[in-house]
Amino acid sequence: MKFEAKHLFILLLLLSVVIQCAFGNFPFAFFAFPLDALIALLWIAGMVYAYKENRSSRFVQMWLSPQCTYWTLGWLIAGSLVIGLFPQLSAAEAAERSGLLARLGCYHFTTSWIFVVGLFALLTHLGMITLRRGFRPGRNRWRFVLNHAGLWLALFAGVVGSAEEQTLRIPVFRDRPNNEAISEEGAKIYLPKELQLNNFTVEHYANGTPRHFFAEISIDGKPARLEVNHPYAANWAEDYYLTSYDVQSEQPRYCVVQIVREPLKYVMWLGVVMMLCGGCLLFLAGPNRQNKELCETSR
């Protein structure tokens, strides 16, 4: 019996289920930045080498086959259904659940081995077909490459980045600096910098309801201005949002700041921009050229 795509994906599915039941959810924290970027570069280099040097092998052709498309998309759709049908809890809340569904990671499915293996299979297939089109001659290939490479970046950064994403809340006091924040799970996190409230201004409607408010704070002595829906970018991966304040005092004694850390957000935006550029080029090419390009790609 020849080893086909369906055998590969059944094996991957069974393996991911066994690992999930034995070890729990995928350890994204271990693969935090910059290790995830290094793995992505090695992964891409491996796909380029496999396609250039062994494109005629049975294994590479399997990843380029239409059957691989059906299996990877089916796996992604099934995973999306699980996410929609089961409540997605925080890691701490999901750990408190018991039973078979909890062991399979259904309550925190995006970090389960089953979902991660399916996603990496989809990204491998997507990367291989992008390389196949990219190595073929002709200017039209860049439309296809931009669309699919952009989708690859957006999916990789969106899933891996969301697993690395961290949201903290910290009260910022007027009378003293503070660096003790609270995570979404309720754990105390001590920041490497101290925050202190310097000034707080509230504008009201005629009936006394707050209309607009903003805070002037210092972050390790550096001044920063926070407004609702206008975050302060501390660096390329960390944004500060003003969420609430002390409504019991005429002069607020504190405000609450939400810190959102998203290490791969710009990578995801780059992927979205690439997809938009590829879509515009496909639109400008017209339906006849698009159909011709699709026919060339499928050969």
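How many disulfides does the count come to? With a disulfide taken as a pair of cysteine sulfur atoms within 2.5 Å, the count comes to zero. Take C21 to begin with: this cysteine is in no disulfide, and the nearest cysteine sulfur, which belongs to C106, sits 9.8 Å away. C277 is in no disulfide either; here the nearest cysteine sulfur is that of C280, at 6.5 Å.

Before going on, a word on what you're looking at. This is a predicted model, with local features needing pLDDT of at least 70 and side-chain atom pairs counting only at pLDDT 80 or more, while totals for chains, interfaces and linings use all residues. Residues are numbered from 1 along each chain as its sequence is written, and side-chain values use heavy atoms, leaving out hydrogens and water.

On relative accessible area, buried means under 20%, exposed means over 50%, and partly exposed is in between (1.4 Å probe, protein chains only). C21 comes out as partly exposed at 25%, and C277 also counts as partly exposed, at 38%.

Now for a bit of backbone. D220 isn't a glycine, yet it has a positive phi of about 55°. You'll find D220 in the loop between β4 (210-219) and β5 (222-227); the strands here are DSSP runs (E, at least two residues), numbered from the N terminus. D220 counts as exposed, at 53% relative accessibility.

Carry on past β5 and you get to N229, in the loop between β5 and β6 (232-235). N229 is another non-glycine with a positive phi, about 65° in this case. Its relative accessibility is 68%, so N229 counts as exposed.

Definitions and conventions:
Helices (H or I, at least four residues) and strands (E, at least two) are DSSP runs, numbered from the N terminus.
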